[in-house]
Amino acid sequence: MNGKKRILTGERPTGRLHIGHYAGSLENRIKLQHQYETFIIIADVQALTTHFEKPEILQKAVYDVALDNLAAGIDPEVSTLFIQSQIPQIAELTIFYSMLITVNALRHNPTIKTEASQYGYKDLTYGFLGYPVSQAADITFCKADLVPVGEDQVPHIEVARKLVRRFNSLYKPILKEPEALLGDCPRVVGLDGNAKMGKSLNNAIYLSDSEEDVSSKVKSAVTDPARITLKDKGNPEICAVCAYHKIFNKEESHNIEEMCKNAGIGCTACKKNLAAVLNQFLEPIRDRRIYYETKQNYVKNILMTGTEKVRECAKQTIEEVREAMSIRYF
Ligand code: ATP
Ligand code: MG
């Protein structure tokens, strides 16, 4: 197209985006959007793998995710936002790929295992188990080179790479093997100390949270439970507040950790400082959100034109795929 390498990245529209998304993936895509041709997928079909009983949530969640991307700094003049379900070629590619991977490989995928227990699934649906296969189709239909993601997605990128190799060696080498690009902090812990901040886990600081929300959420964040009084020495390794300082308050974080270890700063002061830092970081994001919120038609247009543009690319790839597989009859 224009000689630039391509990025494919995105989210499931299961809720609003949080600071974990920012550190895991958004920061990189915002930084690289001028250097790479950037495609951002709003993966509504994949949202159904866990939210199939309530498809009506997608309507609002798709716009929330689009707004969060734009508010965070995605420039709609250079990046392309699109909606997964509106590109039927992705579904077609998913079916072809599904022949090239075993059920066992999917069952043993560590992220599938973690998420299955998170959602309390005993009997996995075909769609849930096939989530990485559908993701491989998302990444490869546009022949993406790079995929900025958080740590939980690494096993899925590996699935995509394997599927590409298998397809290319079985049929014709037309597909591109993508590479994962991990963010500055590939796994941001939750406010509750859970290993992952997640939008379905109710343990997140959202990019759209108000100043007051941020302050009260930070107050509730899990710290070293053994640190009860100011005189107790803390362990920053098991403190969510220290983890956030490390990501969003890089300059001060080393000092803060030392003070925590030596009982030189109390948790209340440390949290106050963090809330101020986070609110400062979120300020421009809030401003841009207000700007886009007042331009709903513009945002709709961004999604419509983005989806149209991407569909052309999908049509081209699916033609090549059918040709490689000799699926042509007329
Ligand atoms: P859900 O809980 O509904 O699965 P999620 O918060 O995991 O939501 P996704 O849409 O599944 O969000 O993930 C989108 C991207 O954000 C992925 O690249 C994922 O790795 C990244 N991401 C999500 N949570 C975190 C986190 N806590 N730290 C770093 N990256 C994250
Ligand atoms: Mg997820």
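For the classes used below, Ala, Val, Leu, Ile, Met, Phe, Trp, Tyr, Cys and Pro count as nonpolar, Asp, Glu, Lys and Arg as charged, and the others, Gly among them, as polar. The structure is a predicted model, in which local features need pLDDT of at least 70 and side-chain atom pairs count only at pLDDT 80 or more, whereas totals for chains, interfaces and linings use all residues. Residues are numbered from 1 along each chain as its sequence is written, chains are lettered from A and ligands numbered from 1 in the order in which they are written, and side-chain values use heavy atoms, with hydrogens and water left out.

Pockets and cavities were located on a 1 Å grid over the protein atoms alone. A pocket is an open set of points with protein on both sides within 12 Å along at least five of seven lines, a cavity is a set of points where a 1.4 Å probe fits but cannot get out, and lining residues have an atom within 4 Å of a point. Grid points are joined across faces, edges and corners, and a volume is the space filled by probe spheres set on the points. Helices (H or I, at least four residues) and strands (E, at least two) are DSSP runs, numbered from the N terminus.

The largest pocket has a volume of about 910 Å³. Its lining is made up of 44 residues, and those nearest the centre are His21, Glu115, Asp152, Gln153 and Lys196. Two or more lining residues come from each of strand 1 (6-11), helix 1 (19-32), helix 6 (110-118), helix 8 and strand 4 (146-149). By class, the lining of the largest pocket holds 16 nonpolar, 18 polar and 10 charged residues.

The largest share, 6 residues, comes from helix 4. The lining of the second largest pocket contains 16 nonpolar and 11 polar residues, and no charged residues.

Helix 8 (residues 131-140) is mostly covered, with 10 of its 10 residues buried (buried means under 20% relative accessible area, exposed over 50% and partly exposed in between, with a 1.4 Å probe and protein chains only). Among the buried residues of helix 8 are Tyr131, Ser134, Gln135 and Asp138. Glutamine 135, in helix 8, has a relative accessible area of 8% and is therefore buried. Apart from neighbours within four places in sequence, glutamine 135 is in contact (heavy atoms within 4.5 Å) with Gln46, Gln153, His156 and Ile157.

Ligand 1 is surrounded by 22 residues, the closest being Thr14, Asp152, Lys196, Lys199 and Ser200 (a residue is near a molecule if one of its heavy atoms lies within 4 Å of it). One lies 2.9 Å from a polar backbone atom of arginine 12. An N or O atom in the side chain of histidine 21 is 2.9 Å from an oxygen atom of ligand 1, and a polar side-chain atom of lysine 199 is 2.8 Å from an oxygen atom of the ligand.

By the cavity rule, there is 1 cavity of 30 Å³ or more. The largest cavity holds about 40 Å³ of space. Its lining consists of Thr223, Arg227, Cys239, Val241, Cys242, Cys260, Ile265, Cys267 and Cys270. Helix 11 (240-248) and helix 13 (267-293) are the elements that give two or more residues to this lining. By class, it has 7 nonpolar, 1 polar and 1 charged residues.

Arginine 286 is also located in helix 13. With 14% relative accessibility, arginine 286 is buried. Arginine 286 and serine 210 are 76 residues apart in sequence, while their C-alpha atoms are 8.3 Å apart in space. Leaving aside neighbours within four places in sequence, arginine 286 is in contact with Asp209, Ser210, Glu211, Val214 and Asn279.

Most residues other than glycine have a negative phi. Asparagine 202, not a glycine, has a positive phi of about 60 degrees. Asparagine 202 lies in the loop between strand 5 (179-182) and helix 10 (211-220), and is exposed at a relative accessible area of 72%. Serine 326 has a positive phi near 60 degrees. Serine 326 lies in the segment after helix 14 (296-324) and is exposed, with 56% relative accessibility.

Methods
A polar contact is a pair of N or O atoms within 3.5 Å; within protein, one must be able to donate a hydrogen and the other to accept it, and residues adjacent in sequence count only if both atoms are side-chain atoms.
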